[in-house]
Amino acid sequence: MSDLSSSLPEAPEAAPAVKDLSVFVPEAHRRPGELGAAALGFLLGALGYYFALDMTSGEYSSPSVFPKFASALIMACTGVILLRGLKKDKQKDGPGLAAFLLPMDVVVVLILLVAYCVALPWLRFVPSSFLFMVIGMVYLQRGKNIVRAVLISAASLAVLVAIFRYLFMVILP
Amino acid sequence: MEQSFQYFLIPFLSWEMMLLIWAGVFAGIWVGAIPGLSVTMAASLLISFTFSWDLNHALALICGVFVGGVYGGSITAILLNIPGAPAAIATGIEGYPLAQLGEAGKAIGLCTTVSVFASFVGILALSVAAPVIANFSLKFSPRDFFLLAVMGILLIGSIGGGDPVKGVAAGAVGVLLSMVGMDPSTGELRYTFGNIHLMAGISFVTAMIGLFGVSEALTQFRNAGKKSPKQNLDRIIPSWATFVKYLPLSIRSSLLGVFIGALPGTGGDVAALLAYDQAKRTVRNPSRPFGTGAYEGIVAPETANKGAIGGAFIPMLTLGIPGDAVTAIIIGALYIHGLKPGPMLMIETPHLFWMIVSCLSIASVALMVLGLVSVKPFAKIIEIPKEIIMPVVIILSVIGTYAIQNSVVDIFYMIGFGILGYFMRLYGYATGPMVLGLILGPMLDANYRRAMQGAENQLLPFLEGFVTNPISLFLTLSIVFLVFSQTKVYRRWRGFE
């Protein structure tokens with residue numbers, strides 16, 4: 001055992017024990033759309049409470065107790081976040097809302113993802129997944145290595161189908 | 001005693017059983033690693049698969065899958081920040097930063113070693129203290145389960161990221177979403193808006209895959225050009241000194257896991273989260289600050305969810321009450337093979353008890369070997385460029401989601417949760433508390449209402465129960481302590497600040 005311990009890692013002990021306090025420092029500027037996100041959260045809480053009013057209530061054990069409690073908590077928290085956001089300055093030189101939320105790569109992947117989901121019931125699992133993987137990989141590699149993307153997609157799909165469909169007997173979409 | 005030992009040796013003397021246990025562990029590691037493919041699902045598939053087999057062989061395979069599957073969930077949590085199962089959510093909080101630092105190999109190596117240790121703690125508890133723990137766990141009332149869920153909800157402080165208000169908001173949204181569907185006690189529909197797909201509620205596994213898997217992939221695409229970190233795979237097995245250093249924490253968390261696992265209805269997921277929180281509160285000098293790759297944050301949840309395996313068998317074998325979903329399926333298997341799980345099981349078929357103990361022990365050894373052998377290939381996954389790995393992750397998320405109940409609608413939910421998670425991350429809302437809310441919401445709601453009905457809807461008798469019942473009093477005081485331990489006064493007193 002001593003041989004083993006001498007040749008093995010010290011990393012967990014040697015790791016730097018510097019305390020990172022950056023997460024506790026409030027940001028000076030608000031991110032683009034931060035207020036809108038908090039307002040949407042507040043709206044969700046308000047709607048949650050509104051629809052909970054239709055549920056049976058009147059007793060401490062009614063089905064509406066927790067939905068009302070959770071909705072009220074969401075409203076309280078997002079209210080605080082909203083007020084805190086109002087006190088922060090707007091970022092001047094930062095990206096605009098669209099660029100912050102949805103950079104081009106994310107937009108393309110989201111469109112591909114939605115198209116994949118819509119195509120899934122029509123084309124079935126193998127063709128739609130193959131197309132999704134090839135188009136996704138080719139786009140993200142900026143049009144390079146098309147043959148590699150096709151080969152990797154085909155190989156990984158073959159492995160996935162073999163493992164899930166035939167070994168684990170999982171039904172694929 | 002001699003006879004018990006003979007029963008214990010049954011699997012050791014059968015090469016078929018040995019082979020099945022090892023095969024089960026191997027398959028379990030892979031099933032567990034894929035988000036959405038759960039041990040529960042694998043065990044239920046195996047029941048039909050092994051219907052005509054000898055019971056011993058069927059149990060050997062299921063025990064192997066159980067042990068391997070709980071471990072496998074942590075691999076993807078560490079490598080890709082996508083937990084393979086809810087029990088691995090806490091592991092990812094510290095494991096993923098470690099992978100980003102190039103220490104995925106060491107993290108998985110440590111995870112494997114402490115997992116095997118914790119499995120043996122669970123097995124030891126099962127073989128030595130099963131009847132005592134089982135009887136004690138039966139004394140838990142709905143009020144106590146409610147208090148346990150409240151303890152779980154307090155974890156938001158630990159996993160909520162930097163801003164506790166945003167953590168609470170995300171957790172409350174999770175609780176609200178968990179209310180969607182048919183109320184199990186009255187049958188009343190909540191937030192279904194006449195939609196038939198919403199009547200069964202929102203599966204927290206679907207939400208977990210979306211919030212962790214797809215949102216992680218989308219977030220990674222924001223930095224598409226960034227190279228994946230190179231992994232240091234020279235030294236994987238933790239040194240003896242490292243193991244000894246984490247031994248007290250491992251023992252504490254494993255025992256917590258055994259106990260939580262033994263409580264009917266709670267399993268490795270709750271145990272792992274509670275253990276992570278407990279470690280965060282009690283470890284004074286972590287290897288790194290929690291949240292940035294503290295090894296203690298891997299040791300605690302991993303030992304708790306493995307301890308919970310042995311724990312889950314305790315009420316199942318002694319009382320016929322399942323400790324979690326997998327043991328519920330094993331009870332079904334016993335019925336299919338003509339046995340009657342219940343208090344008489346250990347008297348009528350003592351060999352079964354010792355054989356399960358033996359199968360779990362062999363599975364733990366197999367886990368040690370197969371886990372350590374797979375560290376290098378697993379860790380290599382993270383070095384694959386994200387332009388290639390992330391589309392595959394999305395496909396895996398789709399397979400895992402569809403496999404839950406063969407529903408395309410679930411895939412849409414999953415993608416929706418993925419997009420929501422992506423936006424949440426952009427604004428500093430951690431996704432962990434939302435999943436926590438989804439997991440604990442039904443437990444909070446159902447047990448609070450049962451406890452309140454037990455007190456005949458009177459507030460005073462309901463509150464009295466918290467201080468008059470010893471178990472409730474202990475749990476209430478624990479909650480008070482947990483809240484107090486977050487205050488500056490306590491942290492200064494204990495030297496944390």
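1. Let's start with how chain A is laid out. In this predicted model, its sequence runs through the pattern α-α-β-α-α-β-α-α-α-α. That gives eight helices and two strands for chain A.

2. The chain has 173 residues, and 37% of them count as buried. Its accessible surface is about 10000 Å², with carbon and sulfur atoms supplying 71% of that. As for contacts, take those in chain A between residues at least 6 apart in sequence: 55% of them join residues at least 24 apart.

3. Now have a look at helix 6 (residues 104-123) and helix 7 (residues 125-140) of chain A. Their axes cross at roughly 165 degrees and come within 8 Å. Angles over 145 degrees count as roughly antiparallel, so that is how helix 6 of chain A lies relative to helix 7 of chain A. The crossing of this pair is right-handed.

4. What does each side bring to that contact? Helix 6 of chain A contributes residues including A:Val108, A:Leu112, A:Tyr116 and A:Leu120, while among those from helix 7 of chain A are A:Phe125, A:Leu131, A:Phe132, A:Ile135 and A:Tyr139. By class, the contact of helix 6 with helix 7 in chain A has 16 nonpolar residues, three polar and one charged.

5. Sorted by class, the contact between helix 4 and helix 14 of chain B has nine nonpolar, two polar and two charged residues.

6. While you're at helix 14 of chain B, find B:Ala300, which sits in that helix. Is B:Ala300 buried or exposed? Its relative accessible area is 0%, and buried means under 20%, so B:Ala300 is buried.

7. Finally, who are the neighbours of B:Ala300? Setting aside residues within four places in sequence, B:Ala300 is in contact with B:Leu249, B:Ser253, B:Ala275, B:Tyr276 and B:Ala279. Take B:Leu249: it is 51 residues from B:Ala300 in sequence, yet the C-alpha to C-alpha distance is 6.6 Å.

Note on methods: Residues are numbered from 1 along each chain as its sequence is written. Chains are lettered from A and ligands numbered from 1 in the order in which they are written. This is a predicted model: local features need pLDDT of at least 70, side-chain atom pairs count only at pLDDT 80 or more; totals for chains, interfaces and linings use all residues. Side-chain values use heavy atoms; hydrogens and water are left out. Ala, Val, Leu, Ile, Met, Phe, Trp, Tyr, Cys and Pro count as nonpolar, Asp, Glu, Lys and Arg as charged, and the others, Gly among them, as polar. Helices (H or I, at least four residues) and strands (E, at least two) are DSSP runs, numbered from the N terminus. Buried means under 20% relative accessible area, exposed over 50%, partly exposed in between (1.4 Å probe, protein chains only). Contact means heavy atoms within 4.5 Å. Accessible areas come from the Shrake-Rupley method with a 1.4 Å probe; for residues, only the protein chains shown count as cover. Axes are lines fitted to C-alpha atoms, for helices over the stretch in contact, and angles run from 0 to 180 degrees between N-to-C directions. Angles under 35 degrees count as roughly parallel, over 145 as roughly antiparallel, 65 to 115 as roughly perpendicular and the rest as oblique. A crossing is left-handed if the near helix is turned anticlockwise from the far one by less than a right angle, and right-handed if clockwise.
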